[in-house]
Amino acid sequence: MATATAPAKRKRELPWPITFYRSAVGKKWVMAISGVVGLGFVVVHMIGNLKLYLSREEINLYGEALREFPKHLLPRTVFLWITRVVLVLALAVHVHAAASLTRMNARARPRNQQYQSPRDYQVANYASRTMRWTGIIVLLFIGFHLLDLTWGGGGADFERGDAYNNLVRSFDRPLVAAVYVVANLALGVHLFHGVWSMFQSLGVNNPRINKARKRFAQSVAAIIVIGNISFPIAVQAGWVDEACVGTEHGEPCEPSGLKF
Amino acid sequence: MTGKTLTLRLKVWRQDGPRAAGRFEEYDLPGISVDMSFLEMLDVLNERLNADGHEPVAFEHDCREGICGSCSLMINGMAHGPQKGTATCQLHMRHYRDGDEIVIEPWRSSAFPIIKDLVVDRAPFDAIIQAGGYISAPAGSAPDANSVPIPKEASDSAMDAAQCIGCGACVAACPNGAANLFTSAKLAHLNLLPQGQAERYSRTVAMVDTMEDHFGSCTNHGECEAACPKEISIDFIALMNRDYVKAQLFNRRLAGQRR
Ligand code: FES
């Protein structure tokens with residue numbers, strides 16, 4: 001009797017995005033791309049908030065413009081919601097990839113395989129070694145920040161649409177101002193390593209730009225931190241005041257925005 | 001010979017076998033010449049242990065000229081000790097002062113289980129090489145020299161990568177126990193040359209996937225580059241990342257490869 005060997009069934013291949021995401025190199029690539037999305041948001045957010053220094057009207061109009069963008073091409077807030085969905089997805093994959101890579105790395109050097117004498121790190125810096133902690137701080141902060149200034153559950157007097165006064169009232173509380181400062185410092189440390197790291201993960205590596213990559217990361221982190229922590233500091237220092245709304249009683253009213 | 005000698009205090013990791021619990025043991029070691037290499041210093045220690053009827057310290061070594069990658073010691077928290085671009089066997093005692101304490105540990109990673117004392121099993125590196133660290137070519141008489149033109153830059157970079165001696169210092173130094181520097185060097189020395197092109201992307205996927213079965217992942221600390229006795233650049237890791245992404249996202253059939 002003739003015997004035939006059936007060809008071994010090829011293992012069914014998973015769709016490529018899943019195969020790709022399953023690998024650590026793929027996850028790092030996804031983290032880099034989602035990081036770029038987050039970075040873009042943070043930059044735009046910081047620049048937009050600078051309108052705080054112009055006037056209450058300016059920043060509130062800016063907020064309204066975000067809801068209307070791109071005007072007549074889409075119904076109101078549709079674009080805003082698309083952006084929000086993209087941002088939430090980017091954040092979700094960023095955190096998921098980070099958590100799963102952290103587990104993988106913990107397996108690679110479990111507790112009983114740790115060095116028993118102190119390690120002498122040569123180039124790993126504070127930023128690179130605290131990514132997961134600065135990441136967690138930023139994540140918790142995003143929750144608080146949304147509650148505080150998007151949903152209005154942060155404890156301060158909140159009025160939907162009046163970004164200026166909501167912000168000033170929130171930052172008037174010293175403890176909250178301190179939270180914003182600390183969280184943004186953590187964000188800066190996270191960005192410093194993250195932005196540089198992004199180039200490596202994406203394979204953007206060329207002697208012509210390699211020096212510039214670190215400088216770019218430093219400048220991005222510095223600009224974001226300085227811009228963002230200036231808001232609570234300015235309010236605490238009394239350079240930006242709550243705008244008086246409803247001056248129907250005719251009491252004198254300071255103009256809002258930066259005072260000098 | 002300068003005749004100068006050192007008295008050292010060694011703290012060495014001793015572990016009787018893979019499953020045994022290890023511990024540090026301390027030894028006072030007088031009469032070490034500054035002209036000795038680090039491994040010769042350990043030879044002296046072992047001779048004295050032998051003479052006193054104790055078990056000598058097991059450590060790995062072979063060429064003692066920095067090319068085989070056998071020697072592998074974590075010295076005072078640094079892979080291969082304090083001198084940049086130097087394997088343990090090429091490190092000399094003149095870098096130490098009289099009375100120094102030197103702590104010696106094996107590489108630590110779940111991929112590199114300890115066999116005894118300072119000796120670890122680096123078999124997962126072999127698995128990565130078996131997955132793709134070769135080119136497929138009909139064997140025969142040696143081809144004529146210069147029959148395949150290779151740009152000088154490409155051959156220089158490939159040679160930089162080919163310097164990797166597979167010692168495992170990158171894994172040992174990496175806070176995540178990742179082997180990305182090793183794997184990327186072994187990929188680059190083939191992927192940068194014409195002979196390596198046909199299998200470039202299938203090789204990249206095979207070697208990276210095998211690497212990830214054993215090791216941690218890269219978070220771009222750069223410790224591997226600093227520890228590497230051959231000073232291999234993390235630029236090769238970026239190249240590997242790029243090739244891996246290409247291999248997964250683009251049409252590999254067009255490159256003459258499966259999938
Ligand atoms: S013993 Fe061969 S490289 Fe050190």
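Chain B of this predicted model is divided into domain 1, covering residues 5-115, and domain 2, covering residues 123-258, with the bounds coming from an automatic or database domain assignment. Residues are numbered from 1 along each chain as its sequence is written, and chains are lettered from A and ligands numbered from 1 in the order in which they are written. Because the model is predicted, local features need pLDDT of at least 70 and side-chain atom pairs count only at pLDDT 80 or more, whereas totals for chains, interfaces and linings use all residues, and side-chain values use heavy atoms, with hydrogens and water left out.

**The two domains of chain B**

The C-alpha centres of domain 1 of chain B and domain 2 of chain B lie 30 Å apart. Where the two domains touch, 17 residues from domain 1 of chain B and 18 residues from domain 2 of chain B take part in the contact, contact meaning heavy atoms within 4.5 Å. The size of an interface is often given as the accessible area lost when the parts come together. For domain 1 and domain 2 of chain B, about 1,300 Å² is buried between them, and 61% of it is on carbon and sulfur atoms; buried area is the accessible area (1.4 Å probe) that two parts lose on being put together, summed over both.

Between domain 1 and domain 2 of chain B there is a count of 1 salt bridge, a salt bridge being a side-chain nitrogen of Lys or Arg within 4 Å of a carboxyl oxygen of Asp or Glu. The side chains of B:Lys84 and B:Glu231 meet in a salt bridge, at 3.8 Å from N to O. On the side of domain 1 of chain B that touches domain 2 of chain B, the residues divide into 9 nonpolar, 7 polar and 1 charged. In this division Ala, Val, Leu, Ile, Met, Phe, Trp, Tyr, Cys and Pro count as nonpolar, Asp, Glu, Lys and Arg as charged, and the others, Gly among them, as polar.

**The sheet of chain B**

In chain B, 5 strands form an open sheet with mixed pairing, in the order E2-E1-E5-E3-E4. Helices (H or I, at least four residues) and strands (E, at least two) are DSSP runs, numbered from the N terminus, and two strands pair if DSSP finds at least two bridges between them. The edge strands are strand E2 (23-33) and strand E4 (78-79) of chain B, each of which pairs on one side only.

Strands of a sheet pair through backbone hydrogen bonds, either parallel or antiparallel. Strand E1 (residues 5-14) of chain B is joined to E2(B) by 9 bridges, and these strands run antiparallel; B:Leu8 stands opposite B:Leu29 in E2(B), while the bridge partner of B:Lys11 in E2(B) is B:Glu26. E1(B) and E5(B), in turn, are joined by 4 bridges and run parallel, with B:Arg9 standing opposite B:Glu101 in E5(B).

**Where chain B meets chain A**

Here 45 residues of chain B are in contact with 41 residues of chain A, and the area buried between the chains is about 3,700 Å², of which carbon and sulfur atoms give 52%. The count between chain B and chain A is 1 salt bridge, and the side chains of A:Arg119 and B:Glu223 meet in a salt bridge. H8(B) gives the most to the side of chain B that touches chain A, with 9 residues, and the residues of that side divide into 22 nonpolar, 14 polar and 9 charged.

**Salt bridges and local backbone**

Over all chains the count comes to 20 salt bridges, including the pairs below.

| Residues | N to O distance |
|---|---|
| B:Lys84 and B:Glu231 | 3.8 Å |
| A:Arg119 and B:Glu223 | 3.5 Å |
| A:Arg67 and A:Glu64 | 2.8 Å |

A:Arg67 and A:Glu64 are separated by about one helical turn, because they are 3 residues apart in helix H3 of chain A.

Most residues other than glycine have a negative phi, and most peptide bonds are trans. The peptide bond from A:Phe69 to A:Pro70, however, is cis, with omega near -10°, and A:Pro70 is placed in the loop between helix H3 (56-68) and helix H4 (78-108) of chain A. B:Arg64 has a positive phi of about 55° although it is not a glycine, and B:Arg64 is found in the loop between helix H1 (38-51) and strand E3 (74-75) of chain B.
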